[in-house]
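Student: I have a structure open and would like a close look at one part of it, taken slowly. Could you walk me through it after I put my question?

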Amino acid sequence: MSVLEFDRVSYAYPGADHPVLTDVTLTVEPGELVVVAGASGAGKSTFLRAACGLVPHFHGGTFAGRVTVAGLDTREHGPGALSGVVGVLFQDPESQVVMGTVRAELAFGLENRGHSAAAVARSVEEIALALRIADLLDRSTAELSGGELQRVALGAALVGRPALIVLDEPTSQLDPVAGDELLGLLRRCNEDFDTAILLCEHRLERCLAAADRVIAFAAGAVACDSSPEGFLRWAGVAAPTLQTPGARLLAGLGQAPAAGVKRARRRLRDAGQLPEGPDSPGPARTVASRRRRSRSPAALELHGVWHELRSGPVILRDVSLRIVPGERVALMGRNGAGKSTLLRHAAGLLKPTRGRVTTAGRVGLLLQNPNDYLVHDRVADEAPAVALAQAGLDPVSFAERHPRDLSGGERQRLALAVVLGDEADAAAALCLDEPTRGMDRGDKAALARLLAGLPGSVVVATHDPEFAAGFADRVILLADGAVIADGPVGEVLAGGIYFATETARILGGWKSILTPEEALATLARPRAGIPVQVPTP
Amino acid sequence: MTYRRRSSPLHSAGAGAGALFCLALGAAALIVSDPILLAAIAAAVLGAAIGARVGGEVARTASFTLPFAVAIAGLNALLTRDGLTVIMRLGDLPLLGSTDVTLEATVYGLILGLRAVVVIACGMLYTAAIDPDEMLALLRPLSFRSALTATLATRMVPVLRRDARRLAEAQRCRPGPPPSRATLMRAATAGVLDRALDVAAVLEVRGYGASGAGRRRGRPRHRPWNRHDAAFAMAAAVVLALALTAGPLGGAAFSAYPGLEVGSGPGVLALAAGLVAAAVLPFADRRGIGR
């Protein structure tokens, strides 16, 4: 029996003009790991919500067709009844943990379903051991980091050993290390428990290698249902924004696409196209050498900034940075490394406990959640027309719309316009904290282009090496509140494991190349014999 | 203020015994009226909070209620006509008429205010030291939905506080004049509703909407009765017994009107010492309090 069956399912949210899902028919077999791909608004999240019964029971709306989960028809069984056969993990770790301690959180679902006390205790211990969170069992959920919360939420979804687990961008708020850990755990659960997995993820290069199959949505319908390689072939023709960097590189070299770094390297090696040699990048320049190099006046400068919490840890340790006008800087590091705190100091929201911050003018700061900036009922009330235009929103057509009716990407642009403000009060430097969370590759590329065209310096805290490679000319890597690497984007991102682009990992850091376009341009020059088709970035 | 597991005897006790202890202290504050005994209970609550390593939090939060206590004292002094010792003649006041402030009414008002502060401090001690999840498990058979609502409210306080801080920071990042308070309030409400919807969806998929019969079968795992449970249950019983001895049984006679009569003999002092000792002695046993 299939673990999930969609039979000609169409669905429209209450009051919506158009259906979000249109005539979706597919099945998922036990033990399959299925990646759900598609641009923002393509219907992926709604598809996942239909698979766990939230659509239509929680959201209402117009529903046609039939969804069956492990033999249970979702029209007759609501999300509560389905919770024994399908586990769910959403994006935001904060909202999906409801109890005060990890042990209670893991037990909550089983107790709701009436399991005996002994069965609950045993299942909680076992899932904690399996997910390596046994040491967290008696911790308060309020104390956990984002990565820990997400692992606990995964445990809560898996504790009842569901036949199917659906995950909606579970790594979007995690740093690359925590994201990879979570995906590794998923893979283990898939292999050890035979749990079928539906994983929706924008950063496809992180998960395609583990997938058995990819279902791509476009305008609410299934546009592609194939193996990862088949999906990449389809994306190369029909949806280039869904192509992974590795697939773009291979396509440019005339190779069939391969999912994952290992397979891509093998394919290039077999074809004699994998550059190998002594071209590994040197170590990133130190902060001091970079400071000496730059003599131009700074747009933003931090002088030995410390941030020490009263009765708490040190968040920033002696951070000295100099950002010159026009510079594009990516600030990277794990969750808790101090990136957000550094940006808050730059914008004057925090005062250093030691050291000082100097600026050449106003520093604009766009925090992680754009909704926090949107408080009015009309777009025109939020930001001046010139800022809207600068942020890529048409001041005329958007003026009367309600900010909360905009798409995620549009809201991000509107919040950016709010921070940009009036021309008379232009920011000397603009700081953005994780602006690409939950964005698809097309929106990210558009944001990178937008930021490239802004006047002044731009500093972006990001977990996304691909975005950093496309936007920045300098990368600052933070760890435990201190700057551990600071240099040109190629030097810092080419040699890393977690903080590296897929292209750099495929090429092993060769010539500090980060993007397929750079790779193809470089490979085309010295190796005239290799057929190269340079794609449009 | 939220619950966080700390290495203390009160945190190591079960939620039932711990809650009983906090409840007994609060009830004692309501039962006794002698100011010396009330001060002793206040000292006992503060001592217990320090013993539970939440003294700073409880004292800080209780200090926010001081204006409330002063308001009670002021109102009682203005509105009560009893008492023989006039300390201030205010003459004819609108609505109140001829008003004399008496020493007795002022002192009694201060006692009422102190009582309110002590009862609120007991609530703070409960919030900071009693595991809400364990309370949910205890109360589940009685009223699952009410207990879950209380637990969720406790869990959501720090989340919503972080949301509010983020919203405030975002507004500080806006160039130009800040939005009005009404605009911000509307935005904050929308944010809270978004958060509530997210949590509601999570509760649904975690089986909260499953059949009631299923939930009734689920009983919390039996937790062994440890040395701290016994100590705090015993302390609660002693505190209540002493309070009843002092109050309804007449051990500490106190009357405010017409003249102040405060029991301050050896019996009252012994009761006061007993109350403090009963409340803080369970904290002397430090065995098995680790996390």
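Student: In which sense do strand S13 (residues 328–332) of chain A and strand S18 (residues 474–479) of chain A pair, and over how many bridges?

Tutor: Happy to, and please keep in mind that this is a predicted model. S13(A) and S18(A) pair in the parallel sense, over four bridges.

Six strands of chain A make up an open sheet with mixed pairing, and their order is S15-S16-S17-S13-S18-S19. At its edges are S15 and strand S19 (482–488) of chain A, each of which pairs on one side only. From one strand to the next, the twist averages 15°. A helix belongs in this picture too: H16(A) lies across S15 and strand S16 (429–433) of chain A, and its direction is at about 160° to S15(A).

Those elements also lead to the other chain. The contact between the chains takes 50 residues from chain A and 49 residues from chain B. On the side of chain A that touches chain B, strand S15 (363–366) and helix H16 (408–420) are among the elements that give two or more residues, and so are helix H3 (79–82), helix H4 (102–112) and helix H5 (117–130). The largest share of that side, five residues, comes from H4(A). Sorted by class, the side of chain A that touches chain B has 23 nonpolar, 17 polar and 10 charged residues.

Within it, strand S3 (residues 33–38) and strand S8 (residues 196–200) of chain A pair in the parallel sense over four bridges. A:Val35 has A:Leu199 as its bridge partner in S8(A).

Leaving aside neighbours within four places in sequence, A:Ser45 is in contact with A:Asp168 and A:Cys200. A:Ser45 and A:Asp168 are 123 residues apart in sequence, yet their C-alpha atoms are 6.5 Å apart. A:Ser45 counts as buried because 23 other C-beta atoms lie within 10 Å.

The nonpolar packing can be followed from A:Leu198. Leaving aside neighbours within four places in sequence, its contacts include A:Val34, A:Val36, A:Leu48, A:Ala51 and A:Leu164. The largest nonpolar core has 186 residues, and those with the most contacts inside it are A:Val36, A:Ala51, A:Leu164, A:Leu198 and A:Leu493. Apart from that core lies another of 66 residues, among them B:Ala17, B:Leu25, B:Ala29 and B:Ala231.

That brings us to chain B itself, which has 12 helices and four strands. Of the 291 residues in chain B, 38% are buried.

Methods. Residues numbered from 1 in each chain as written. Chains lettered and ligands numbered in written order. Predicted model: local features only at pLDDT ≥ 70, side-chain atom pairs only at ≥ 80, totals over all residues. Contact = placed C-beta atoms within 7 Å. Nonpolar A, V, L, I, M, F, W, Y, C, P; charged D, E, K, R; others polar. Buried ≥ 20, exposed ≤ 12 C-beta atoms within 10 Å, placed from the backbone. Pairing = 2+ DSSP bridges. Axes fitted to C-alpha atoms, helices over the stretch in contact; angles between N-to-C directions. Core = buried A, V, L, I, M, F, W, Y, C linked by C-beta atoms within 7 Å.
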